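Here is a short note to read alongside the model. Keep the structure open and find each element as it comes up.

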Amino acid sequence: MNINWYPGHMKKTIEDIEKKLKLVDFVIEIIDSRIPFSSRNPIFDDLLKNKKRLLIFNKSDLSDPKLNEAWMEKLTDENNFAISYNAMKGNVSLVVKKSQELMAEEIKKYEDKGLNKGALRAMIVGIPNSGKSTFINSISGTRSAKTGNRPGVTKVNQWIKIHPKLHLLDTPGVLWPKFEDKVGLNLAFTGAIKDEIMDRETLALKLIEKLKNIYPSSIEERYKISNVKDKEALDIMDEIGKNRGALMRGGYIDYEKVAGIVLDEFRKGILGRITLEVPDEFL
């Protein structure tokens with residue numbers, strides 16, 4: 001299933017981020033904790049190499065708690081702090097505290113010279129639909145950033161003063177030109193790639209195939225299906241259709257409707273707390 005998605009505005013965004021890096025002290029990278037590897041733009045590794053990063057494991061209420069911990073431990077080092085975050089609840093003090101800890105060495109350099117560093121300035125980066133705008137709104141307490149479940153809603157850079165000690169520079173969500181199949185699928189499952197360019201029925205089938213192996217009980221409990229590990233993904237899709245009344249005239253399965261049900265319920269967390277990637281598989 002080949003996925004190519006790189007509109008012109010994303011190339012322009014990368015160039016803009018590069019120009020504005022000199023304005024900030026560090027970078028806040030928003031990660032979708034359901035896909036901690038696939039939701040990190042590899043372009044950032046080179047682009048942001050001279051900046052420390054606070055890694056926000058967003059949507060942590062939708063992901064597997066044990067795997068949240070495993071991923072954060074793997075990605076935390078002297079230049080990267082990873083923290084778990086639920087943007088729907090918000091926690092300004094946590095973000096400010098961790099920002100101060102991350103930049104403690106730089107703050108001390110100012111203090112040693114008898115200077116006050118003032119507010120730290122951070123640029124927020126992330127892929128589309130990682131929850132970046134919701135994160136900003138939750139910690140600023142305002143509707144300062146447009147939100148939407150469609151990739152690419154945030155279009156312009158905005159400074160947001162969320163706290164006397166922390167100011168944020170927003171940037172649009174950005175993808176990269178080519179994905180490995182595994183990464184592309186994970187991005188599509190979570191909605192980071194627009195559904196309009198996907199074959200949703202095939203996408204849902206591939207998601208069922210994945211879930212039956214890693215979270216079989218999620219499918220069994222939600223759709224009242226037994227022994228899903230022993231069944232083909234298409235047969236599971238048929239059973240979901242029958243159990244949910246997603247049928248067309250003549251009793252045929254309405255696969256389009258089933259696809260909508262499965263993708264929607266996965267994305268909203270109705271299927272349970274699910275992480276599609278484990279550290280050992282990717283790092």
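**Notes on the model**

1. Start with a pocket. Helices α2 (43–47) and α3 (65–75) each supply at least two residues of the lining of the second largest pocket. Keep in mind that this is a predicted model. The volume of this second largest pocket is about 290 Å³. Its lining has 18 residues, and the closest to the centre are Phe 37, Arg 40, Asn 41, Pro 42 and Asp 45. What classes of residue make up the lining of the second largest pocket? Ten are nonpolar, two are polar and six are charged.

2. Next, look at strand β4 (residues 120–126). Is β4 largely enclosed or open? Six of its seven residues are buried, so the rest of the structure largely encloses β4. A residue counts as buried when its relative accessible area is under 20%.

3. Strand β4 has a parallel partner in β1 (residues 26–32), and the two pair over five bridges. One place to check this is Phe 26, whose bridge partner in β4 is Ala 122.

4. Strand β4 also pairs with β6, again in the parallel sense and over five bridges. Leu 120 has Leu 166 of β6 as its bridge partner. Ile 124 stands opposite Asp 170 in β6. Strand β6 (residues 166–170) is itself mostly covered, with four of its five residues buried.

5. Lys 97 lies in helix α4 (residues 92–102). The C-alpha atoms of Lys 97 and Leu 166 are 9.8 Å apart, while 69 residues separate the two along the chain. How accessible is Lys 97? Its relative accessible area is 46%, so Lys 97 is partly exposed; the partly exposed class ends where exposed begins, over 50%.

6. Lys 109 and Lys 22 are 87 residues apart along the chain, and their C-alpha atoms are separated by 18 Å.

7. Now check the backbone angles. Most residues other than glycine have a negative phi. Which way does phi go at Lys 59? Lys 59 has a positive phi, near 60 degrees, and is not a glycine. Find Lys 59 in the loop between β2 (53–58) and α3. The relative accessible area of Lys 59 is 17%, so Lys 59 is buried.

8. Lys 224 is another residue to check. Its phi is positive, about 55 degrees, although Lys 224 is not a glycine. Lys 224 lies in the loop between α9 and α10. Is Lys 224 buried or exposed? With 65% relative accessibility, Lys 224 counts as exposed.

9. Move on to helix α11 (residues 255–267), which has 13 residues. From its first C-alpha to its last, α11 reaches 18 Å, close to the 18 Å expected at 1.5 Å a residue. Just after α11 comes Gly 269, with a positive phi of about 80 degrees.

10. Which residues of α11 are buried? They are Val 258, Ala 259, Gly 260, Ile 261, Val 262, Leu 263, Glu 265, Phe 266 and Arg 267. The cover over these buried residues includes four other helices: α7 (181–190), α8 (200–214), α9 (216–223) and α10 (233–243). When you follow the list along the helix, remember a general point. An α-helix has 3.6 residues a turn, so residues three or four places apart point the same way.

11. Finish with Lys 257, which is found in α11. Lys 257 has 45% relative accessibility, so it counts as partly exposed. What does Lys 257 touch, leaving aside its neighbours within four places in sequence? Lys 257 is in contact with Gly 245 and Ala 246. Arg 244 is 13 residues from Lys 257 in sequence, and the two are 9.6 Å apart in space, C-alpha to C-alpha.

Notes. Residues are numbered from 1 along each chain as its sequence is written. This is a predicted model: local features need pLDDT of at least 70, side-chain atom pairs count only at pLDDT 80 or more; totals for chains, interfaces and linings use all residues. Side-chain values use heavy atoms; hydrogens and water are left out. The expected span of a helix is 1.5 Å times one less than its number of residues. Buried means under 20% relative accessible area, exposed over 50%, partly exposed in between (1.4 Å probe, protein chains only). Contact means heavy atoms within 4.5 Å. Two strands pair if DSSP finds at least two bridges between them. On a 1 Å grid over the protein atoms alone, a cavity is a set of points where a 1.4 Å probe fits but cannot get out, and a pocket is an open set with protein on both sides within 12 Å along at least five of seven lines; lining residues have an atom within 4 Å of a point. Grid points are joined across faces, edges and corners, and a volume is the space filled by probe spheres set on the points. Ala, Val, Leu, Ile, Met, Phe, Trp, Tyr, Cys and Pro count as nonpolar, Asp, Glu, Lys and Arg as charged, and the others, Gly among them, as polar.
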